[in-house]
Amino acid sequence: MRPSPSLSLLIAASAALTGTNAVRADETASEQYVGYRFNIYGEDALSAPSLGDPRRYEVYSQQFLLNSPVGDRNTLSVNATHEVMSGSSPWYVIPGPDNRPIQVLSGATIRDHRSAATVALTHDAGGNDTRTFSASYSQERDYHSTALGAERTLPLSSALTLGFGGSFSHDRIEPFAAVLYDRIQRAEKNTASAFASLSLVLDRVSVAESGVQIDYQSGYLSDPYKLVFVDGTLDPDTRPHRRGEIAWLVRYRRAVNDSAALHLDTRLAANSWGQHSLTLEASWYQNLRDGWQLVPGVRYYSQSRARFYAPFFAAGSGPDFSSDYRLGAFGAAAVNLNLRKRIGHWELSAGAERYHASTGYTIGGASAADPAVVSYTRVFAGLDYHFD
Amino acid sequence: MRSNAKSRRSSPSQPLRTKRALRWLLALIALVCLGGCAMQAVQPWQRGRLARWDMRWDPDPLQAAMNQHAYFSKEGTSGEIGAAGGGCGCN
């Protein structure tokens, strides 16, 4: 079969990419600094019909990062996060008049904390050849996650750098009020990931990177807090016990002049549940006078629905079914703005993001309207101290 | 609603439209890669702009991590390339 013109172009580009003597832009700078961020995240009220507690989700997050050289060739990075979450969540969907979906929100307001930490050690073997080992732990009252990772960057020529690695995580969930609501009392899941990328110096002012990531999850992948309306009865959210996903990422950075840089990112992903997605991102880093920097950005995301997703189900459906909007078809558009100011060793930052999701933004259209797609606003502020 | 129904009747099926959109995106990325490959070797002393802070893949790792956390908790298939961190019960 003759390849299509677009496929031919892709094959040609791949050949050109791997056949060129190419290097990765310096990313693992061994600078010494500490950083702090405070984020406030608030979801909009649902625009579609809903029942239950109308208070939507709010999250207050604090992040801390320490990056410090250890000896001549090692860099230690410690990242800690603490979050406080509260508000009602989508619970299940019922059919309303004319079979229009009505979202039922959790009646009781959920309040929870999450604490997470990641420690990473990077060894620089010289000439941009680095090896990074990381360990992470995250804890909520009902959720525990542990992850280990390793990755390496290996220069293939003066302009081309190969990156590759893998990680494994083990998660455990013990839902609240499991007996009262007839939820599963304890469950586990594992995630294994492998990834590889090529970074290429295109010219004096631009670099690009293309990478592939494969994830495989097994275990309990359902949401124990969600129910599904099946022909008049409420059943637990039930998803397959395995999921494979592959993603392709392309990133491009261009120094437009001495005071600005353009960032373009795109990502295509597909998984074994029948979902595929597209992400497009663009940011502009504008350096201004007196240490000021302005960074506006835009993002677009679109995903298709999982094969076992619907707002509600007829008799005989299954064995897998879910009404979680994150498995439905929708799109989202986001704009963000970040302002930074450098004062000696200190750097102040503040910004905001507006994220608006809708089934109408989906590429190719959405077959079923979901009343629970989430739009939110996020504001953040931070402070960094650079030791050098 | 009426105009939507009309456009659905006269346009290709949704999977076909999605495939076409993805093909065009792949072609666009290919063109960008091809354009970048018509290049000359860049010497170390010519990489001053490439070494700038704002030319990194993620200039602000804390902000990037929080962005990804927000997207990951609201979207079905979003993520980054790299080693997994501690997961959460949010997705």
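Residues are numbered from 1 along each chain as its sequence is written, and chains are lettered from A and ligands numbered from 1 in the order in which they are written. Because the model is predicted, local features need pLDDT of at least 70 and side-chain atom pairs count only at pLDDT 80 or more, whereas totals for chains, interfaces and linings use all residues.

Chain A has a secondary structure of one helix and 21 strands, where helices (H or I, at least four residues) and strands (E, at least two) are DSSP runs numbered from the N terminus. The radius of gyration of chain A, taken over C-alpha atoms, is 23 Å, close to the 21 Å that the globule rule gives for 388 residues, so chain A is as compact as a globular protein of that length; the rule itself is 2.2 Å times the number of residues to the power 0.38. Along its principal axes, the C-alpha trace of chain A spans about 65 × 55 × 40 Å. Of the 388 residues, 40% count as buried, a residue being buried if 20 or more other C-beta atoms, placed from the backbone, lie within 10 Å of its own, exposed if 12 or fewer do, and partly exposed in between.

Confidence is expressed as pLDDT, the predictor's value for each residue, from 0 to 100. Chain A averages a pLDDT of 88, and 90% of its residues score at least 70. Over residues 1-26 of chain A, however, pLDDT stays under 50, and the model has 58 contacts beyond four places in sequence for this stretch, a contact meaning that the C-beta atoms of two residues, placed from the backbone, lie within 7 Å.

One sheet of chain A is open and has three strands in the order 2-6-5, with mixed pairing; two strands pair if DSSP finds at least two bridges between them. Strand 2 (50-51) and strand 5 (90-95) of chain A stand at the edges, each with a single partner strand, so one side of each is left without a neighbour in the sheet. Strand 5 pairs with strand 6 (residues 101-105) of chain A in the antiparallel sense over five bridges, and within this pairing V93(A) has Q103(A) as its bridge partner, while I94(A) stands opposite I102(A). The hairpin of strands 5 and 6 of chain A has five residues between the strands, and D98(A) takes a positive phi near 60° there.

Strand 3 pairs in the antiparallel sense with strand 1 of chain A over ten bridges, with Y41(A) and V59(A) as bridge partners. Strand 3 also pairs in the antiparallel sense with strand 4 of chain A, over 13 bridges, and V70(A) stands opposite N74(A) in strand 4. The hairpin of strands 3 and 4 of chain A has three residues between them, and G71(A) in the turn has a positive phi of about 75°.

N128(A), with phi near 75°, lies in the loop between strand 7 (110-124) and strand 8 (130-140) of chain A, and is partly exposed, with 18 other C-beta atoms within 10 Å. D182(A), with a positive phi of about 55°, is found in the loop between strand 10 (160-173) and strand 11 of chain A, and is exposed, with 8 other C-beta atoms within 10 Å.

A nonpolar core is a set of buried Ala, Val, Leu, Ile, Met, Phe, Trp, Tyr and Cys residues joined through C-beta atoms within 7 Å. The largest one has 23 residues, of which A159(A), L200(A), V201(A), L202(A), V207(A) and A208(A) touch the most other members. Strand 11 (187-201), strand 12 (206-219), strand 15 (242-257) and strand 16 (260-271) of chain A each give two or more residues to this core, and strand 15 gives the most, with five residues. Apart from it lies another core, of 22 residues, among them Y325(A), Y355(A), A357(A) and Y376(A).

Chain B has three helices and zero strands, and 41% of its 91 residues are buried. The 14 residues of helix 3 (residues 61-74) of chain B should span 20 Å at 1.5 Å a residue, which agrees with end C-alpha atoms 20 Å apart; the expected span is 1.5 Å times one less than the number of residues.
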